[in-house]
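Thanks for coming, everyone. I'll walk you through some contacts in this model, one by one. Have a look at the screen.

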Amino acid sequence: MSRERLSLKFFAGVLLLIFLLLYYFTPYYSFLTNNMDKALMRLTLGLGGLLVLLDMVICNKRIPTLNVMSPLAIFFIYIVLNGLFLAEELKSIRRAVFLMALILIIVNVSFSRQFWINCLRGFTVFSSAMAFFSLVNLSLNVMMPTGYRELGLEGSGLEGVADFGNTIVAGMHYGMAFSAALFLYFTERSKKTLLLWCVLSIILSCYILLTFARTAWVACFLVFCVLSVFLYREENRVRYIAPVLSVVSVFVFFIYNYAGYEVSGRGLTRRDEIWANAWSKSLEHLWFGHGADSALEPLLISSGEIIHNTHSVYLEVIYNYGIVGLGLFLFLISYTLVTLFKARKLTEYGEVAVFWMATLIACIVVMLVELNELIHTPNMLWHWLWMPVAFSAFCAKKINSIATGSNLRDVKL
């Protein structure tokens with residue numbers, strides 16, 4: 001391997017690591033403004049992507065994503081064309097380029113399993129510390145909920161520190177860490193460290209429960225189901241007893257006490273009005289949509305609130321990119337899911353593939369009723385959707401290399 005190729009891929013990997021640190025840690029606390037954080041993320045991804053492309057030019061190498069994951073390439077080509085011909089601005093194209101840079105780096109820089117594990121460990125410990133601080137600080141300041149759905153948690157009680165401003169956003173952010181903690185609990189080989197991931201999972205679950213965000217609850221429950229099924233090992237069966245009993249107990253308690261209120265009392269929380277409005281507006285340009293980044297007209301719903309988004313990623317895709325865009329999007333996530341399912345058998349990356357498969361399955365369900373801004377600067381969908389897509393493209397490359405018998409010689413960090 002040439003020194004130029006090694007150094008280019010190595011520095012692209014370092015830039016991606018910096019991006020991951022910014023993406024996962026700055027929502028909890030940052031010395032910079034939000035715009036500066038986003039600018040740094042774009043800078044690291046952009047430079048990393050350029051280094052990978054330069055490496056390909058030097059080595060006269062084709063982009064592997066086009067070979068092993070054509071649905072991804074087709075979807076992004078459609079997004080770019082939609083932005084060129086239908087959008088009033090080119091923001092969507094620029095954002096799509098940064099997403100493609102993320103995928104390009106992950107596919108071409110062969111991060112080891114240990115790299116991914118260490119990233120999840122660091123993120124879990126930090127997020128758990130923030131959740132614990134938030135719970136303690138809110139308790140000391142008498143700001144904790146005193147009853148069901150009273151004062152749902154959305155911050156830490158300290159401005160600028162783990163302050164998300166919205167219960168759903170808070171629940172989904174901590175849901176990322178809860179997913180990582182569960183994964184580490186189920187895959188940990190050291191009995192001493194196993195207790196740590198158990199305790200951190202409990203801390204995170206306490207905060208998530210007290211957000212009273214149903215979407216976060218559903219996401220975490222689905223992640224738990226997928227991880228517990230696909231990571232089950234007969235030799236580790238004892239460690240499944242406590243979490244399974246805990247989840248079943250909480251679920252039964254919730255069904256007995258609050259399910260009736262959630263279904264008949266809160267119901268869809270006016271989302272049916274929002275969806276009907278979004279669908280009627282989508283009919284105006286059904287096939288190709290209104291164009292990328294087209295904003296849905298503000299809607300005044302019966303509760304008196306003014307809503308600015310569709311509260312459904314799938315409806316957002318129809319509104320912006322049309323039925324054609326939705327078809328390509330569904331094809332992409334289906335292909336991604338199948339690829340990750342196959343990748344679970346990879347010797348080195350199988351368990352990590354299961355983690356991203358779990359987050360993707362949770363995302364597929366949550367996107368029915370929540371989340372927005374599919375093609376955007378780094379937001380929650382980058383973790384729940386685009387990171388699984390990127391890792392599946394990497395796994396597709398590995399699977400393809402095994403099938404063809406080729407020898408991949410990538411830089412490992």
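The side chain of threonine 187 reaches the backbone oxygen of phenylalanine 183, at 2.7 Å. That is a polar contact: a pair of N or O atoms within 3.5 Å, where, within protein, one must be able to donate a hydrogen and the other to accept it, and residues adjacent in sequence count only if both atoms are side-chain atoms.

A word on the source. This is a predicted model, where local features need pLDDT of at least 70, side-chain atom pairs count only at pLDDT 80 or more, and totals for chains, interfaces and linings use all residues. Residues are numbered from 1 along each chain as its sequence is written, and side-chain values use heavy atoms, with hydrogens and water left out.

Back to threonine 187. It belongs to helix H7. Helices here are DSSP runs of H or I with at least four residues, strands are runs of E with at least two, and both are numbered from the N terminus. Threonine 187 is buried, at 8% relative accessibility. Buried means under 20% relative accessible area, exposed means over 50%, and partly exposed is in between, with a 1.4 Å probe and protein chains only. Leaving out residues up to four places away in sequence, threonine 187 touches Leu231, Arg239 and Glu351. Contact means heavy atoms within 4.5 Å.

Now helix H7 and its partner H8. How do their axes cross? They come within 9 Å and cross at roughly 160°. That makes the two helices roughly antiparallel. The axes are lines fitted to C-alpha atoms, for helices over the stretch in contact, and the angles run from 0 to 180 degrees between N-to-C directions. Under 35 degrees counts as roughly parallel, over 145 as roughly antiparallel, 65 to 115 as roughly perpendicular, and the rest as oblique. The crossing of H7 and H8 is left-handed. In a left-handed crossing the near helix is turned anticlockwise from the far one by less than a right angle; clockwise would be right-handed. On the H7 side, the residues in contact include Gly171, Tyr174, Phe178 and Tyr185. On the H8 side, they include Trp197, Cys198, Leu204 and Tyr207.

Next, salt bridges. How many salt bridges does a search of the whole structure find? It finds 10. The cut-off: a side-chain nitrogen of Lys or Arg within 4 Å of a carboxyl oxygen of Asp or Glu.

Take arginine 121 and glutamate 188. Their side chains meet at 3.9 Å, N to O. Arginine 121 sits in helix H6, residues 113-140, and glutamate 188 in the loop between H7 and H8, so the pair ties together parts that are 67 residues apart in sequence. Arginine 121 is partly exposed, at 28%. Glutamate 188 is buried, at 9%.

The loop between H7 and H8 also holds arginine 189, while glutamate 351 is in helix H14, residues 350-366. Arginine 189 is exposed, at 62%. And remember, Glu351 is one of the residues that threonine 187 touches.

Arginine 214 is partly exposed, at 24%. Glutamate 262 is buried, at 4%. The two side chains also make a polar contact, at 3.2 Å.

This pair belongs to a network. Arg149, Arg214, Glu262 and Arg266 are linked by salt bridges. Apart from residues up to four places away in sequence, arginine 214 touches Arg149, Glu262, Arg266, Gly267 and Thr269.

Last topic: backbone angles. Most residues other than glycine have a negative phi. Which phi does arginine 149 have? Its phi is near 60°, a positive value in a residue other than glycine. Arginine 149 sits in the loop between H6 and H7, and is partly exposed, at 21%. Alanine 162 is in the loop between H6 and H7 as well. Its phi is positive too, about 45°, although it is not a glycine. Alanine 162 is buried, with a relative accessible area of 0%.

That's my list. Over to you.
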